[in-house]
Protein chains: 2
Amino acid sequence: MQADINELVEKARQAKAASKKLAFTPTKVKNDALAAIAQALLDREDMILHNNQKDYKEAEASGMSEAMLDRLMLNSSRLKGISDDVKIVAALPDPVGEVIEERTLPNGLLLSKRRVPLGVIGAIYESRPNVTVDISVLCLKSGNAVILRGGKEAYRSNLALANTIQEAAYKAGIPSGAVQFIESTDRGLVDNMLKLKESIDLMIPRGGAALIKFVKDNASMAVVAGGIGVCHAYVDKTADIAKAVAITYNAKVQRPTVCNALDCVLVHKDIAAAFLPVMAKEWDKAGVEMHCDQRTLEILKSVHGLNVHPAVEDDWGKEFLALVGAIKVVGSLDEALEHIEHYGSGHSEAIISEDKNSIDRFLNEVDAACVYANASTRFTDGSQFGMGAEIGISTQKFHARGPMALREITSYKWCIRGNGQVRP
Amino acid sequence: MQADINELVEKARQAKAASKKLAFTPTKVKNDALAAIAQALLDREDMILHNNQKDYKEAEASGMSEAMLDRLMLNSSRLKGISDDVKIVAALPDPVGEVIEERTLPNGLLLSKRRVPLGVIGAIYESRPNVTVDISVLCLKSGNAVILRGGKEAYRSNLALANTIQEAAYKAGIPSGAVQFIESTDRGLVDNMLKLKESIDLMIPRGGAALIKFVKDNASMAVVAGGIGVCHAYVDKTADIAKAVAITYNAKVQRPTVCNALDCVLVHKDIAAAFLPVMAKEWDKAGVEMHCDQRTLEILKSVHGLNVHPAVEDDWGKEFLALVGAIKVVGSLDEALEHIEHYGSGHSEAIISEDKNSIDRFLNEVDAACVYANASTRFTDGSQFGMGAEIGISTQKFHARGPMALREITSYKWCIRGNGQVRP
């Protein structure tokens, strides 16, 4: 363990040193490095997939669930997709140096607010190996050094990817040390990482609720946490039923294991009898288990063969991450808003409505990172928002909120040019 | 003490409840409230000054320094100034609802990034009573509730100001409970305040280094800290000597007790002999004590009667907050940059130079909230930057950097309008 701590501290020190150079590395060098990384991922496919297969077999033998195995698995086409994503980030504008605001004060001082990197980003994440690449390239492009600490299950895959990134990046002129991969997967090491506020400027935990809470409670540096999504869709009395069915189906079923998947449907009482049986039949075809309040059960009892259960208190505010959904009939928009305020996690919330006032109230009043009118919560995603990729989805209000990509891992500084001004 | 804790917890709860309404309070109501506060400060002058005089006499009797007494003291014209500042904030645009970014995605989703309040701001501050007003009105205008915890020395003044603000604001339609003043001045209570992450979204400590460190180390919620300014001016070999003398004099002498005052002058060796004697004579007239490196001492020994001392290691990186300055001769811009990186606090740094390349390098490479070329560091101030006032000066990169006013105590949310879009 002491050797692991020494490795960690030394790598963090190297990252900090590299970050000071990376902050001034020209855009062209960074873009060339990203292009080289994209190419290297393809060139080294055999080595990467070979390591991934070892991880996969070990995980399979240890009894990992199908869903988790699928997240771990790389193949030729997935690797191609990851490589393509790197090219997309390369093509985005460099956030560093961007002038956010500029003005001349009455005394002639020229004030310019310019975007700068944060420094060193620490990322603690779980099984998906593509995260290693996403986070590395977002950090490099935004002038930040990065310290990667991936999950044990994907250790060989992550190491293979990190080595590929490091080799390609340094050869292309990225300051050596800018991408650090922590080799030890000892869980205790996370605690040591959280103490390194002198060398890590921001910690981003991506994973389960326990990991996120541990990082938030124990980090000595800034943390942007998120990823816990208890997402609601409120079907207003004026909803277009076809849209409401399509949106709730997509949000619940299209990829149930992710944070922006739907957890709970709130239905206005005036539309419940018309809407719920249609939705329930669709959900049932996809194998969704429904946890329903009493009024929903009443309505759905006419539909045979559904997998319905009476909801218990614990079903409200639960992130299911599975083909399970909670359903509740509400008396009004206000009741829906109260439910969401009480049980939501501030991630993604949706209203389905044809009434402008209800939509406006919902968009204004729901306090969440992403609030949707007549669209699926599944769109909460950096790539979908045109940000190229994402380093995480923040559910906090502080620093950045919602999908975080390049700009969200920067800060700014004020540059002031004068010609001798002094303060009266 | 338990009664104090109960008071604190209950006031925090009230602030949180009020913040949910204040987030949607119309701009006009907020502006009218600020106008009413500005007027009430004038109307209740007698009561406010009477309470301030009690604080002042007690502080004087307890042996408070002249500088601190001056910060504590209110009079008719200062109160008028505070009232005028409230009007300036009232006239600024409302940050809440501002559309920061808006675009339509290829799938037709309309993405809109809108500014929202943070929620409840906790402010812990020391003796200047005007801070009570500045922070309250910035919070109200930006839709945030505020919990004020002022210094013991200004207790009666702060209470009188807070009561004036509360009465005027609530009468004008601000949700009751939006401005909370903690009456107990027990130091132990700060620790309890730092635990209230459920009801306080952001903590802003304003005061000495010990307070700031305590808050950073112990807060369960987000903190924006700053106010520690170890500020340098680098006089380049190409500097205009008249400008350099005027700027270093202003930055050191105009108000030595504040965080943006100059602490250390770094002078290029090629200009040291011409510049230092002129600067030293000016500083000497103002009574500045100079702590000099060996090369500076050599140069200044020709000037008689200066209050010069050999610098000790502790003088570098020290925030003097007094008519004391450190002076060092450096061999190059690079040496100056290294010195600032090592000893600076990331607050305000200046170069005086006529060389474009040196200026650009300094502005780019110095990692501080505010970096100046040919102007005094004393301009680092929300009012000076056209922000109306300031709630503090952040020296961290996270969330906000430099002077913080209305926008800097907001977050944003993403509002997404669709017409049935689902994720493929």
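**Note on the predicted two-chain model**

1. Strand E6 (residues 202-206) of chain A is largely enclosed by the rest of the structure, because 5 of its 5 residues are buried (that is, 20 or more other C-beta atoms, placed from the backbone, lie within 10 Å of a residue's own). Strands here, of at least two residues, and helices, H or I of at least four, are DSSP runs numbered from the N terminus.

2. This is a predicted model, in which local features need pLDDT of at least 70 and side-chain atom pairs count only at pLDDT 80 or more, while totals for chains, interfaces and linings use all residues. Residues are numbered from 1 along each chain as its sequence is written, and chains are lettered from A and ligands numbered from 1 in the order in which they are written.

3. In a regular strand the side chains alternate between the two faces of the sheet. From E6(A), Leu202(A), Ile204(A) and Arg206(A) point one way, whereas Met203(A) and Pro205(A) point the other way, and all are buried.

4. E6(A) pairs in the parallel sense with strand E3 (residues 120-125) of chain A over 5 bridges, pairing being counted where DSSP finds at least two bridges between two strands; here Ile121(A) stands opposite Leu202(A). Strand E7 (residues 222-223) of chain A also runs parallel to E6(A), joined to it by 2 bridges, and Val223(A) of E7(A) faces Met203(A) as its opposite residue. Between E6(A) and E7(A) the chain passes through helix H9 (residues 209-218) of chain A in a right-handed β-α-β crossover (clockwise from the first strand over the helix to the second, with the strands pointing away from the viewer).

5. As to chain A overall, the domain assignment, which is automatic or from a database, gives domain 1 (2-225 + 396-416) and domain 2 (231-379). The centres of these two domains of chain A, taken over C-alpha atoms, are separated by 35 Å.

6. At the interface, 48 residues of chain A are in contact with 48 residues of chain B, contact meaning C-beta atoms, placed from the backbone, within 7 Å. The elements giving two or more residues to the chain A side are helix H10 (241-253), helix H14 (356-365), strand E14 (370-375) and strand E17 (410-421) of chain A, and E17(A) gives the most, with 11 residues. E17(A) is moreover joined by 5 bridges to strand E14 (residues 370-375) of chain B, the two running parallel, and Gln421(A) has Ala375(B) as its bridge partner in E14(B).

How values were computed:
Two residues are in contact if their C-beta atoms, placed from the backbone, lie within 7 Å. A residue is buried if 20 or more other C-beta atoms lie within 10 Å of its own, exposed if 12 or fewer, and partly exposed in between; C-beta atoms are placed from the backbone.
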